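Start with the sequence and the model shown here, then read the points below by topic.

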Amino acid sequence: MNKIKITYKLYFLFTIFSFWGCTEEFIPSTENFEDLLVVETTITDEFKFQKIKLTNTYTFKDSLALPVTNAKILIKDNFDQEYLFQYKEEDTAYLSLEKFKAEPNNSYQLYIETASGENYESLPETLPPVSNLEVQLSKENIDDKFGASFKVNSTNPINEVIYYRYEYQEAYKVIAPYWGPNEAIYVRESPFTTNYCYISYQPRQEDDKVCYTVKDSKEIILATTSNQSESNLSDFLIKFVPQSSWRSAHRYALNVKQHVINYDTYNYYRTLKKISGSGENENTLSPNQPGFLQGNIKSTTSDKKILGYFEIASYSSERIFFNYDDLYPNEPKPEYYIDCNVEEIVSGYPCGTPPLPENLERLMSLISFGNKSLFKIKQGDPWDTYFMVETPCSKCTSISSNEIPDFWYE
């Protein structure tokens, strides 16, 4: 879960606060790399298959954290009701065997047993109060940039301090600006003679003009009403999308996810954000992070450390769409994220025996390695001219997916 930034075989150990939730000043020290279990889970008041993810810490020499697949996991409430979990390969996580939700006034504890016989358990956690969620879209200037801002208003029926953690999922339509109906092909057939080795074209073999990109937030977004005169949260900025962003050039959607959490959970994430330098492009919820932060889970069989936090949260979400032309009527669309340079190449002679004409070698190379894709063709006598452009400009599937998300609508 929590990103432990490890430099080669060393990492900084930050003991932030004790298992029992007290906040203490941390003192950094350096230790040898330890292979620690990492827990990522948020149990909510949604009636669903709840999810728990287990991985191990890893060094910079490793490309990613491998999931821990052979643990025994259960959650038990204060009425001795047990909820068992099983690893699902397609989710790379443990899912509850049955749907359930966190209930008010109940407490829940997490229990983990690893294949090596190490046992871990969490402190009892209860469900925080529910807060209503309203997401507003508006246009404004922020840091000298004009664009669309998504702000949250949250109200709750009780007059007390509320703590929030936010995530979001952005989705946007991608249209290849230099798409054409055909694709270039380099034909090599046996026997390899000049009649069986040539450049040609054919109709596109996949839908690669319109795509959809879906991305989850990576930053830690926290809010609280502790510094306000009332217990409602107003105009809290979640996401700003500049008008100049190519992602908003057609249709854009933002799904804001609100977790109402307790103070200890809020303090854990706030400390994690401080030591990790969490920003929009940094994934703080994956195990590659500068430091060890003690959460509310500990081993009951040894002094072995564990990373992560067993979180119980009240959950709500809201998704907002906008079309660029509706939000910015009569305004020019933002430029694509890369320059689309069109290169004209005459197809030339069949590929035959080297040495080949320079233009033919160039065209063969572009097609073979996929560096550029066909935009259009100008037929000629005797040779055609191929207009080639950077592949993402002509083929959206090179950077996105042509599958329409389930939630998408026009």
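Strand β8 (residues 107-113) and strand β9 run antiparallel and are joined by three bridges. The model is a predicted one.

- Five residues lie between the strands in the hairpin of β8 and β9, where glycine 117 has a positive phi near 90 degrees.
- Strand β20 (residues 297-299) also runs antiparallel to β9, and three bridges join the two.
- Glutamate 121 has lysine 298 as its bridge partner in β20.
- In a regular strand, side chains alternate between the two faces of the sheet.
- In β9 (residues 119-122), Tyr120 and Ser122 make up the covered face, while Asn119 and Glu121 make up the uncovered one.

**The chain as a whole**

- The chain has 410 residues, and 48% of them are buried.
- Its secondary structure consists of four helices and 24 strands.
- Of the contacts in the chain with a separation of 6 or more, 70% are between residues 24 or more positions apart.
- The accessible surface is about 21,100 Å², and carbon and sulfur atoms account for 46% of it.

**A three-stranded sheet**

- Three strands form an open sheet in the order β22-β24-β23, with antiparallel pairing.
- β22 (343-346) and β23 (372-378) are at the edges with a single partner strand each, so one side of each has no neighbour in the sheet.
- On average, neighbouring strands of this sheet are turned by 35 degrees against each other, direction ignored.
- Four bridges pair β22 with strand β24 (residues 385-390) in the antiparallel sense.
- Glutamate 343 has methionine 388 of β24 as its bridge partner.
- Helix α3 (residues 358-369) lies across β22, β23 and β24, and runs at about 120 degrees to β22.

**Aromatic pairs and a cluster**

- The whole structure contains 24 aromatic pairs.
- One of these pairs is phenylalanine 150 with tyrosine 252, which is tilted, with 6.0 Å centre to centre and 40 degrees between the planes.
- Phenylalanine 150 belongs to strand β12 (residues 145-155) and tyrosine 252 to strand β19 (residues 251-261), so this pair ties together parts 102 residues apart in sequence.
- Both phenylalanine 150 and tyrosine 252 are buried.
- Tyrosine 324 and tyrosine 328 form a tilted pair, because their ring centres are 4.8 Å apart and their planes are at 45 degrees.
- Tyrosine 324 counts as buried at 1% relative accessibility, and tyrosine 328 counts as buried at 3%.
- A single aromatic cluster is formed by Phe150, Tyr172, Trp246, Tyr252, Phe322, Tyr336 and Tyr337.

**Charges over rings**

- Arginine 251 has its charged end over the ring of tyrosine 409, 5.0 Å from the ring centre.
- Arginine 319 has its charged end over the ring of phenylalanine 407, 3.7 Å from the ring centre.

Conventions: Residues numbered from 1 in each chain as written. Predicted model: local features only at pLDDT ≥ 70, side-chain atom pairs only at ≥ 80, totals over all residues. Heavy atoms only, no water. Buried < 20%, exposed > 50% of the residue type's maximum accessible area, 1.4 Å probe, protein only. Contact = heavy atoms within 4.5 Å. Areas by Shrake-Rupley, 256 points an atom, 1.4 Å probe, with all protein chains shown as cover. Pairing = 2+ DSSP bridges. Axes fitted to C-alpha atoms, helices over the stretch in contact; angles between N-to-C directions. Phe/Tyr/Trp six-rings, centres within 6.5 Å; stacked < 30°, edge-to-face > 60°. Lys NZ or Arg CZ within 6 Å of the ring centre and 35° of its normal.
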